[in-house]
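Here are my notes on this model. Please read them with the structure open.

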Amino acid sequence: MRTSKKSIIIVFIMLFGVSVAQQFENGACDLGCMEEAFELTDPIAEGGDYEQAYEHFEAIYNHCTATYC
Amino acid sequence: MKNKHKFIMYFFAIALSLISCISEQENSTEKENLANELIEAKKELKSELDKKENPITTIMESYKKSNILAKNTNFEENLQFDLENSYLRMSENLKLVGSGKLSNDDFYNDVNGAFQSESGFKTDLGKKISIYYKEKYLQKKAEKGETNSYAYEKFKKIQELKKEIKNYEDE
């Protein structure tokens with residue numbers, strides 16, 4: 001009985017750990033997409049056209065997260 | 001007298017070093033504050049963006065459903081390939097826009113080159129994405145609408161903060 005309880009607890013901890021790791025991975029992926037979007041649109045923003053830069057930023061961020069995250 | 005002169009010189013040298021040190025410390029603190037503000041603004045922007053529906057995901061899901069009968073064993077793989085191909089080609093085109101080699105009109109005419117003969121797409125997903133962005137751009141152009149959202153305000157703030165940080169780095 002003790003052994004099976006321990007096994008159940010270990011399984012739950014593992015599942016929890018995997019879930020947390022998955023969340024972390026997704027979060028890191030989103031941040032990676034954000035940095036890439038900034039890299040691509042900063043040259044446009046530096047030219048002064050913030051609106052246009054933002055439209056591109058949102059588009060590339062959405063595409064990146066849909067593709068890789 | 002000589003010792004007195006020496007003392008005064010050393011005193012001024014130390015005082016100037018201290019003043020320079022304090023000034024650098026203040027600059028460093030100010031730069032740190034800006035960097036922290038930048039991190040916060042990026043978090044807020046990400047939070048705003050993640051609240052909205054992702055149009056690319058919607059287009060892909062819709063395309064999957066409409067092709068449910070045409071599915072072959074490689075359908076899912078082909079879709080993922082096309083998503084990645086579309087993203088890479090769109091990124092390349094954006095680099096050209098950023099360097100002034102491609103106009104916005106030309107970019108939005110075909111964001112990922114899906115309508116070019118050698119686009120490499122395996123399904124029509126690329127074209128769906130291209131059409132979506134073209135229509136969105138033309139609609140906004142026709143309405144002459146201004147971007148007005150919390151996410152856009154955060155984006156502007158981030159650009160301003162980046163400029164300020166760059167000014168500190170250039171000093």
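1. Start with a term. A disulfide here is a pair of cysteine sulfur atoms within 2.5 Å. In general, a disulfide is a covalent bond between the sulfur atoms of two cysteines. Note also that this is a predicted model.

2. How many disulfides does a search of the whole structure find? One, over all chains. A:Cys33 and A:Cys64 are its partners, with an S to S distance of 2.1 Å. That distance is within the 2.5 Å cut-off, so the pair counts as a disulfide. The bond links distant parts of the chain. A:Cys33 sits in helix α1 (residues 2-46) of chain A, and A:Cys64 in helix α2 of chain A. The two cysteines are 31 residues apart.

3. Now the handedness and setting of that bond. The torsion about the S-S bond of A:Cys33 and A:Cys64 is about -75°, so the disulfide is left-handed. Are A:Cys33 and A:Cys64 buried or exposed? Both are buried.

4. Chain A as a whole. It has two helices and zero strands. Of its 69 residues, 39% are buried. Chain A exposes about 4,200 Å². Carbon and sulfur atoms supply 64% of that area.

5. Next, the aromatic rings. The whole structure holds 13 aromatic pairs over all chains. One of them is A:Tyr54 with A:Phe57. Their ring centres are 6.4 Å apart and their planes are at 25°, so the pair is stacked. The cut-offs matter here: centres must lie within 6.5 Å, and planes under 30 degrees apart count as stacked. Both residues lie in helix α2 (residues 50-68) of chain A. They are three residues apart, about one turn of the helix. A:Tyr54 and A:Phe57 are both buried.

6. A:Tyr54 has another ring partner, B:Tyr152. This pair is tilted, at 5.6 Å centre to centre with 55° between the planes. It crosses between chains, from helix α2 of chain A to helix α6 (residues 150-170) of chain B. A:Tyr54 has 2% relative accessibility, so it counts as buried. B:Tyr152 also counts as buried, because its relative accessibility is 6%. The cut-off for buried is under 20%.

7. Which residues do ring pairs link into a cluster? They are A:Phe38, A:Tyr54, A:Phe57, A:Tyr61, B:Tyr152 and B:Phe155. Look at this group with both chains displayed.

8. Another ring to check is in chain B. B:Lys122 lies over the face of B:Phe81. The distance from the ring centre is 4.3 Å.

9. B:Ile8 belongs to helix α1 (residues 2-51) of chain B. With a relative accessible area of 37%, B:Ile8 is partly exposed.

10. Last, a contrast between sequence and space. How far apart are B:Ser62 and B:Leu125 in sequence, and how far in space? They are 63 residues apart in sequence, and 9.9 Å apart in space, C-alpha to C-alpha. B:Ser62 is placed in helix α2 (residues 55-66) of chain B. Its relative accessible area is 44%, so B:Ser62 is partly exposed.

Definitions and conventions: Residues numbered from 1 in each chain as written. Chains lettered and ligands numbered in written order. Predicted model: local features only at pLDDT ≥ 70, side-chain atom pairs only at ≥ 80, totals over all residues. Heavy atoms only, no water. Helix = DSSP H or I, 4+ residues; strand = E, 2+ residues; numbered from the N terminus. Buried < 20%, exposed > 50% of the residue type's maximum accessible area, 1.4 Å probe, protein only. Phe/Tyr/Trp six-rings, centres within 6.5 Å; stacked < 30°, edge-to-face > 60°. Lys NZ or Arg CZ within 6 Å of the ring centre and 35° of its normal. Areas by Shrake-Rupley, 256 points an atom, 1.4 Å probe, with all protein chains shown as cover.
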